[in-house]
Amino acid sequence: MSRLQNTQYVLEGLPELMKLDTGLRKSQIKVLKTYLEADMDKKQTGVFNLATGFGKTRMMSILALAYKRANPDGKVLIVVPSTSLIKDENGDGVVKKFHVYNKKDLKSDSNLDFGTYYGEGVKSTGTEFTVTTYNSLPKYAKKINPKDIGLLLLDEAHHALSEARSETIRQFSNAAQYGMTATPGYDPEKDLKNLLENYIAQVTIEEAIKEGDLADTKNVILVSGTPVDLTKVPKVRGSSGDYDPKEYMKAIARAMNGNSIDSGNEDNWKDVHRRISEQIAEFYRDYEDDEAGKIFGKKCMINCRSQEEARITALSINKIFGKMMAATYVSGNKGTENETVLNSFVGGNLPILCQVGKLSEGFDYPDLDIVFNFPTHSRVREAQLGGRAIRTPSDRKRKKTALIVDIAFTHPDAKNVIQGIHKNGQVLFQDIMGEPIIQKGKGPGGGGRGKGKPTIRLKDFNIISNKQTLFYLSNEAKRIEEEEYVPPIRPGMRTSTDFNVSHDSVGRLLKEAYELGLKFVLNSDTNQEGSLVERVKSGKHECLALHEAPEALEIFIKWATVEKKNSMFLPPLSSDDMYSVTLGKKYGVSIKTVLDYFKKLEGEKFLNPKTGKEEDCIIYKKARGSTPIPVLHPEALHIIEEYYINNWKTSSQKGLITTSGIMEKYGINRTTVLNLFDEIRNQKFLDTQTKEEKSFLVKKKLERGGFADALRPEAIPFFEERFRDRLFVQELQEGMLSIVMVAEKYGCSESTIYNYLKELKGEKFLNPETKKEEDYTTTVRDPKYKKPKPMLALRAEAVPFFEERFRDRLFLQEFQEGMMSIPMFVQKYVISPQIINSLFKELKGEKFLNPQTKREEDYIITVKSKGKGGKPIDVLRSEAINAFKEKLKQKRGGKELQERTTSPTLQTRLKAGSDKGKPKAPPVRKSATPEL
């Protein structure tokens, strides 16, 4: 059966279906009418570009049922992004939705023959309706004949854009194919139009809000007060091309920590992320405005880029509130943990969910009001994540303004906040909406631009939420971006790569000519002028190019050679009195050393005694080929002689330590030494004897010939102080505890202690003796080895602080009289272990009022068990037993606890009617004589 015939079946069944009470909204009916009125070519395959929350699954069910009513024997295939959209989790599964729709509205079509085909599920191949995932689609296509499918429906169809998936979809050549998505493309090259050929209907977020299909929506921006350049952050491979999750946080950490050497390392980016997460918590706690009102207590989802980010975010928020307010929903959670967390969020008292990608699509929770998005480069990701909150609330009487909060970083060279965010490549939700705020039935921006109520201030972020400010910044950014529009490169224009000389050198000249705004007469009849050099776009990159007019090249070369005295465009010079890298041989230094010095001199002038004029120290001379090389002016030789005396001659000093000497002295490898030398290559130290600043490194002439970097002997103390941790200069001192010692002291494994000390690395404690903050840990030499090896050690003064920090994990507290574990509670009371275990988990971290001390204390603590091994065990404090019983009574609907009269094991036996629990009667002895 051809694609045309299958399309006609949909067209035949749809009008009749639309007359029934299907529960379709006016806007959905309007979309279906658009489909019916389209040309036949556009009806056979195409994209329904519908705003997130518009009801795409509903539209798919109508198209599928219309097809089945006209062709009962036809087969329908529905493809979804993930297995969670097939399963009936929280009523969001496609199968369940289809059944609900039909049972409610179309009773005659309620018996649907549904099957699924995916990894761990039942693999059906002969059902009338089949649901599969994009990952399982290629295997499914091999199990069946793709030409037997009459209708192919693609949910979140942008997932079909990979080359392999697109190729598989093309195998279903007889099927009418329709894709449903809010984000039809990543870029012009990756767009659904390239696969499904047509756009059948489009509903924007703005249109859906004004029709009442979506909630009022506002985009608030938390923009960092510290500019961050995200343009150099690598992008992940794949269709989204988003920022690399760890690298973008390292870039943010470097900027927020002042671009110090180690500010982008793993520990520092985690510290910065904690700082940001704590401010998110403060924003959630205190923020309100005229549109959204007070947001505290409303359901909130924070979209993180990695599991580590999500966990740090949740812990930081709970730290601010002092109780469980946030939990993670990530693939790294074990067992049913995600299911429990999601149930608590959707139907319980958990207000904040930190998730990574698992709920980005298909998660339908209308009572979600607030979404926080960490920076993203992907329009698809931003649209899908923000779209989770814009559905109308389940209680239609409740007024809802969805708040999409983008955490943003502006580029250092920005002229405007939003323009700077765009310059970094970050996408905001207002870029998806078209406006910063949209409200039902109102004009642009929700009718009126009243003042918001940003009642709080954050340490690192400025809150942009006022309507008037949002619109002003957005409009200003559009104006700047239009002014900065770069035209594409025109045929005949020359870039720096089109010259037969150094690419970098020509690039510098083009840049200077562009900044000077050099003009030339383009048309002599009209005296029309043109720019000699223009900024143009070549592919995805911008560059400078020379005008395509033939005379532009002549003018540019003349300007560069005559006015700029640049020899790159001149014929090669044969004069031997030009000093170049041959100076290295004269002074016994490397070519690289000479070139480095030439770079320092480039652009500097000297007074030529022959001409009496100031001239350039360094000029360029063409070598044998066409590449110009820097040379020293012959009259400037005295400058390099002076530099030789002050710097290069120091290579004859005694006591200089080369890389091999450093390796032997500190027991580290060559790569480490070279890295350390690179860090201090151009840096200076203050010589305590001469009171002068000197370079750490100088060139030392080797006996075998050549030169090498060497450390000045007087720089050794500064060198050791600078790299103490990496050189392991400090010995293990009296009182310090190595990892092995700490492990023995507390009965933990060495790897466990290593993790604890690693967590403390870089943190401070208040030393009670010195009254100063000092490091918990230090890196020292391990005395067990002949060659020094690095190891972490705990300072003696830090032991009490260490124990306090890790009290629960070290199990310092012994099991005390009156405490109750889970088995003890079950032994004493008639109740299942599962209920007690569940309540223990709920109360862990919560407080109760101790009637003796009148203070709040933990319900549950971790202590050493009574056994020989002293393993950790969760127990209930004796003072908390009454409060715990009250909690248990509430959980059981007011039912009181009953104490056991016998052991649980004996009760079970008695209930089962077994005699094993009863005392046996004494055996009857048989008499030796028979009875009379």
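1. A residue counts as exposed when its relative accessible area is over 50%. By that cut-off Lys 691 is exposed, with a relative accessible area of 64%. Lys 691 sits in the loop that links strand 29 (684–686) to strand 30 (693–695). Its phi is near 60°, a positive value in a residue other than glycine. The model under discussion is a predicted one.

2. With a relative accessibility of 64%, Lys 771 counts as exposed.

3. Helix 1 and helix 2. Two packed helices are described by the angle between their axes and the distance between the axes. For helix 1 (residues 3–19) and helix 2 (residues 26–37), the axes come within 11 Å and cross at roughly 140°. The crossing of helix 1 past helix 2 is left-handed. Helix 1 contributes Thr 7, Val 10, Leu 11, Leu 14 and Met 18 to the contact, and helix 2 contributes Ile 29, Leu 32, Lys 33, Tyr 35 and Leu 36. By class, the residues of this contact are 8 nonpolar, 1 polar and 1 charged.

4. Leaving aside neighbours within four places in sequence, Ile 29 is in contact with Met 18 and Leu 24. The C-alpha atoms of Ile 29 and Met 59 are separated by 9.3 Å, and the two residues are 30 residues apart along the chain.

5. Strand 2. How many of the 5 residues of strand 2 (residues 76–80) are buried? The count is 5 of the 5, so strand 2 is largely enclosed by the rest of the structure. In a regular strand the side chains alternate between the two faces of the sheet. In strand 2 both faces are covered, with Val 76, Ile 78 and Val 80 buried on one side and Leu 77 and Val 79 buried on the other.

6. The partners of strand 2. Strand 2 runs parallel to strand 4 (residues 129–133), and 5 bridges join them. Within this pairing, Leu 77 stands opposite Thr 130 in strand 4. Strand 2 also pairs in the parallel sense with strand 5 (residues 151–155), over 4 bridges. There, Val 79 stands opposite Leu 154.

7. Thr 132 belongs to strand 4. Is Thr 132 buried or exposed? Its relative accessibility is 0%, so Thr 132 counts as buried. Not counting residues up to four places away in sequence, Thr 132 touches Leu 77, Ile 78, Val 79 and Val 80, along with Ile 86, Tyr 117 and Leu 137.

8. The antiparallel pairing of strand 33 with strand 37 (residues 790–794) covers 2 bridges. Ser 738 has Ala 793 in strand 37 as its bridge partner.

9. Helix 32 and helix 33. The axes of helix 32 (residues 833–843) and helix 33 (residues 881–891) come within 11 Å and cross at roughly 115°. Helix 32 passes helix 33 in a right-handed crossing. On the helix 32 side the contact is made by Ile 835, Ile 836, Ser 838, Leu 839, Phe 840, Glu 842 and Leu 843, and on the helix 33 side by Phe 884, Lys 887, Leu 888 and Lys 891. These residues divide into 7 nonpolar, 1 polar and 3 charged.

10. The two sides of helix 33. Which residues of helix 33 are buried? They are Ile 881, Phe 884 and Leu 888. Seen down the axis of helix 33, these buried residues fall within an arc of 60°, so they line one face of the helix. An α-helix has 3.6 residues a turn, so residues three or four places apart point the same way. The buried residues of helix 33 pack against helix 31 (822–828), helix 32 and strand 41 (872–876). The face turned away from the buried side carries the exposed residues Asn 882 and Gln 890. Gly 893, with a positive phi near 70°, follows helix 33.

How values were computed:
Residues are numbered from 1 along each chain as its sequence is written. This is a predicted model: local features need pLDDT of at least 70, side-chain atom pairs count only at pLDDT 80 or more; totals for chains, interfaces and linings use all residues. Side-chain values use heavy atoms; hydrogens and water are left out. Axes are lines fitted to C-alpha atoms, for helices over the stretch in contact, and angles run from 0 to 180 degrees between N-to-C directions. A crossing is left-handed if the near helix is turned anticlockwise from the far one by less than a right angle, and right-handed if clockwise. Contact means heavy atoms within 4.5 Å. Ala, Val, Leu, Ile, Met, Phe, Trp, Tyr, Cys and Pro count as nonpolar, Asp, Glu, Lys and Arg as charged, and the others, Gly among them, as polar. Two strands pair if DSSP finds at least two bridges between them. Buried means under 20% relative accessible area, exposed over 50%, partly exposed in between (1.4 Å probe, protein chains only). The arc is that of the directions from the helix axis to the C-beta atoms.
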